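Here is a short tour of a two-chain model, taken from the single chains to the way they meet. Keep the structure open beside the text as you read.

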Amino acid sequence: MAEVPVSWFLTLSAVLFVLGVSGFLFRRNIITVFMSIELMLNAVNLTFITFAYQLKQVNGHLFAFFVMVVAAAEATVGLAIILTVFKNRSTLNIDDVNSMKN
Amino acid sequence: MDVILFLVFAIIAVVCAINVVVQSHPISSAVSLIGVMGSLAILYLLLGAEFIAAAQVIVYAGAVMVLFIFVIMLLNAGTEVRKGRSLMVQVLGVPLLIALLGVLAFFVQRLYPRSTVHFGGFRGGSALAIGRALFTTYLLPFEITSILILIAILGAIVLARKELE
């Protein structure tokens, strides 16, 4: 078998996405939570590229490109927010940032 | 050959992704995430997405992760403290995630049982093809993206600047 099944790529994408979700849910450091979001976006990108291959269309690549651009913008703003939170509260633990609770 | 390439880089990606989740220090997570992104770039090349593979290395592994590592070093983020979490998370979290993975993998196998990927099977991912689509069909989203980036730059400056007395 010289050719890779498409489903392997999609399954790898699912594995990476689930790992991203688990990092998002289980980690308490706000920077690691943010990195888990990037991991999920990467997994979705892999799905887009795989479907672009399967349908022999370039549109999937464009979607992946826009996801990348939005992820870069999101990282910029998110890290600025993290800086501000740390400046005001001196903590990176998301359990301690709960002033909107109650 | 394709299978070997896929397996090697898929395993690297999964191991690095697990490392991202289990490492307790943010720097280790960030370096592992660069490993995930690099091996995904190789898989994009395998799928014929040359431009996206290059953009993945430059934008993600280069720019975004350097930003992350800057912030980690700037804030001097240490090892995270593990606190007690709710019983429901401890009991249900991992089984539910494995169930999600199982459902996703099951439907993927059911829906695409026979289609395969070989290197060179799709050659439409060059910079030429991407550029042509980007400046014809996707011109409006492209221009809106520039506004989005402008807003992001302004937002980052406003959030991270020093308050003026």
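Two residues are in contact if their C-beta atoms, placed from the backbone, lie within 7 Å. With that in hand, residues 24 or more positions apart account for 62% of the contacts in chain B with a separation of 6 or more. In chain A, the share held by residues 24 or more positions apart is 44% of the contacts with a separation of 6 or more. Please bear in mind throughout that this is a predicted model.

**The two chains**

Let us begin with chain A. Its secondary structure consists of 3 helices and 1 strand, and from the N terminus on the order is β-α-α-α. The radius of gyration of chain A is 17 Å, well over the 13 Å that the globule rule gives for 102 residues, so chain A is more spread out than a compact globule.

Chain B holds 6 helices and 1 strand, and along the sequence they follow the pattern α-α-α-α-β-α-α. Chain B, too, is more spread out than a compact globule, because its radius of gyration of 20 Å is well over the 15 Å that the globule rule gives for 165 residues.

|---|---|---|
| Chain A | about 55 × 25 × 25 Å | 50% of 102 residues |
| Chain B | roughly 60 × 45 × 25 Å | 27% of 165 residues |

**Where the chains meet**

How many residues does the contact take from chain A and from chain B? The numbers are 62 residues from chain A and 70 residues from chain B. On the side of chain A that touches chain B, the elements that give two or more residues are β1 (4-5), α1 (6-26), α2 and α3 (59-89) of chain A. Of these, α3(A) gives the most, with 21 residues. By class, the residues on this side of chain A divide into 44 nonpolar, 13 polar and 5 charged.

One part of the meeting is a helix pair. Two packed helices are described by the angle between their axes and the distance between the axes. Here, helix α2 (residues 30-55) of chain A and helix α2 (residues 26-46) of chain B have axes that come within 10 Å and cross at roughly 5°. Angles under 35 degrees count as roughly parallel, and that crossing makes α2(A) roughly parallel to α2(B).

Which residues meet along this pair? From α2(A) come A:Ile31, A:Thr32, A:Met35, A:Glu38, A:Leu39, A:Asn42, A:Leu46 and A:Ile49. They meet B:Pro26, B:Ser29, B:Ala30, B:Leu33, B:Val36, B:Met37, B:Leu40, B:Leu43 and B:Tyr44 in α2(B). The contact of α2(A) with α2(B) has 13 nonpolar, 3 polar and 1 charged residues.

Strands join the chains as well. 2 bridges link β1(A) to strand β1 (residues 116-117) of chain B, and the two strands run antiparallel. Within this pairing, A:Pro5 stands opposite B:Thr116 in β1(B).

**A closer look at helix α2 of chain A**

A:Ile37 is found in helix α2 of chain A. A:Ile37 and A:Gly20 are 17 residues apart in sequence, and their C-alpha atoms are 6.4 Å apart in space. A:Ile37 counts as partly exposed because it has 17 C-beta neighbours inside 10 Å.

A:Val44 also lies in helix α2 of chain A. A:Val44 and A:Ala14 are 30 residues apart in sequence and 8.5 Å apart from C-alpha to C-alpha. With 17 C-beta neighbours inside 10 Å, A:Val44 counts as partly exposed.

**Two residues with positive phi**

Most residues other than glycine have a negative phi. A:Lys56 has a positive phi, near 55°, and is a residue other than glycine. Where does A:Lys56 lie? A:Lys56 is in the loop between α2 and α3 of chain A. Is A:Lys56 buried or exposed? A:Lys56 is exposed, with 11 other C-beta atoms within 10 Å.

A:Ser90 is not a glycine either, and its phi is positive at about 55°. A:Ser90 lies in the segment after α3 of chain A. A:Ser90 has 9 other C-beta atoms within 10 Å, so A:Ser90 is exposed.

Key. Residues numbered from 1 in each chain as written. Chains lettered and ligands numbered in written order. Predicted model: local features only at pLDDT ≥ 70, side-chain atom pairs only at ≥ 80, totals over all residues. Axes fitted to C-alpha atoms, helices over the stretch in contact; angles between N-to-C directions. Helix = DSSP H or I, 4+ residues; strand = E, 2+ residues; numbered from the N terminus. Parallel < 35°, antiparallel > 145°, perpendicular 65-115°, else oblique. Nonpolar A, V, L, I, M, F, W, Y, C, P; charged D, E, K, R; others polar. Pairing = 2+ DSSP bridges. Rg over C-alpha atoms; globule rule 2.2 N^0.38 Å. Buried ≥ 20, exposed ≤ 12 C-beta atoms within 10 Å, placed from the backbone.
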